[in-house]
Amino acid sequence: MDNYRAITISPVLSKIFENCLLSRFSSYFVTSDLQCGFKSKVGCNDALSVLCNTVEYFTSNGSTVSIASLDMAKAFDKVNHYALFIKLMKRQVPACFIRLLADWYGKVFACVKWGQSLSKPVQLSTGVRQGGVLSPVLFAVYVNDIITNLECSGYGCQVAGKYVGVIMYADDLILISASCTDLRQMIKICELEMSWLDMHFNAKKSCLVRCGPRYSKDFADILLNGAPLRLCNTLKYLGITFDVKRKLKVSLASKRIKFFRAFNYIYGCVGATASCVVLCHLLNTFCLPVLLYGLEAVPISNANLRTLQSTWNVALYKIFKLKSLSNLYYVQYFMGTLPVNYALDLRKLSFQHKQSAHHISVMNLLFSLTASKEFELLCKNYSVIQPQAHGRFRACVWQAFVCYLASF
């Protein structure tokens with residue numbers, strides 16, 4: 001019952017109207033650069049990159065980093081309308097917009113449909129409209145002071161004068177600190193703001209991990225909601241699972257399961273009748289993104305790369321009924337499909353090129369300190385002259401694959 005989520009259907013006219021409001025008042029809804037959700041040209045990969053680059057910067061210099069992943073309980077459903085209006089007033093949003101929003105949110109009703117019967121309507125006094133165009137923007141404004149208060153406090157990690165002690169993607173909150181004492185103060189600041197917002201953290205879904213040379217050393221409990229925060233060895237953030245000890249290491253177990261689940265479903269539906277060309281196209285379209293999601297933004301070890309290659313090759317062996325790796329490479333060449341290691345490098349080139357010219361200074365700084373050498377090495381390996389468009393990147397990677405085939 002605690003995990004139940006209802007679905008709200010919004011009329012098309014409502015979405016058009018909200019788009020008009022957003023385009024007219026968007027200048028009032030600017031949020032911190034460390035909020036990566038609900039923004040143009042910023043996504044999950046950027047949040048993952050900030051997390052990994054920050055941890056890499058501190059652990060490579062001998063520090064041990066404490067990372068707290070805090071889950072906001074039913075965040076979108078618990079938005080207090082009056083608190084939201086106060087936040088908008090502090091931003092000096094025009095009164096006409098606030099009056100419109102107050103009138104609109106004061107007329108939200110819901111009922112339960114069971115078969116052909118409907119329950120009595122119940123007025124919803126909290127929460128933003130699920131599925132609305134304005135809802136994610138308003139939520140980002142609602143929780144933005146968590147980031148602002150932490151930044152003003154000075155607690156948490158800083159790199160070259162830039163604050164990187166907190167990362168938010170929608171309601172996913174990550175706190176990063178090289179000191180357990182600072183982390184305790186950061187959690188107190190978050191709890192104080194959450195109390196004002198009439199929200200709370202879900203301790204069961206929140207966790208603490210430590211990364212660095214002293215990750216296994218004992219330390220005093222860090223409290224959340226008055227109880228010790230759960231200490232874990234794994235961290236799941238935005239769909240990527242990390243094994244956390246001396247370094248952040250990506251775990252591919254869940255990705256392999258999802259990949260094979262998707263592939264086996266497709267193969268079970270059309271494998272007996274479809275041609276290899278169709279199956280290969282479906283594999284590239286639906287299964288490869290599942291396998292490579294987010295990996296361009298996180299550190300990949302040689303063991304991870306071998307796991308990706310073996311996972312990908314198993315599916316191709318089954319489609320083409322092959323046993324030789326060299327034959328498999330030739331088949332991929334004639335099908336116009338890059339091997340998975342080349343496909344991953346292509347995604348890395350595109351993502352890191354974007355990071356090198358990012359409009360957000362924090363992400364650009366972290367890239368220059370930790371990931372720029374990897375980008376330069378990739379460019380050198382594939383004879384890429386910077387800057388390049390995505391199409392040119394693919395041509396360079398494909399040419400490298402052709403040269404590799406010629407060596408057989």
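Helix α3 (residues 81–90) packs against helix α5 (residues 135–153) at an angle of about 80°, their axes lying 10 Å apart. That makes α3 roughly perpendicular to α5, a term for angles of 65 to 115 degrees. Axes are lines fitted to C-alpha atoms, for helices over the stretch in contact, and angles run from 0 to 180 degrees between N-to-C directions. Helices (H or I, at least four residues) and strands (E, at least two) are DSSP runs, numbered from the N terminus.

This is a predicted model: local features need pLDDT of at least 70, side-chain atom pairs count only at pLDDT 80 or more, and totals for chains, interfaces and linings use all residues. Residues are numbered from 1 along each chain as its sequence is written, and side-chain values use heavy atoms, without hydrogens and water.

In the contact (heavy atoms within 4.5 Å), A83, L84, K87 and L88 of α3 meet L138, V141, Y142 and D145 of α5.

Helix α5 also lies across β8 and β9. These strands belong to an open, antiparallel sheet of four, ordered β8-β9-β1-β10. Strands pair if DSSP finds at least two bridges between them; β1 and β10 do so over five bridges, and S66 stands opposite R210 in β10. α2 packs on the sheet too, touching β1, β8, β9 and β10.

| Helix | Angle to β8 |
|---|---|
| α2 | about 165° |
| α5 | about 165° |

Notes: Angles under 35 degrees count as roughly parallel, over 145 as roughly antiparallel, 65 to 115 as roughly perpendicular and the rest as oblique.
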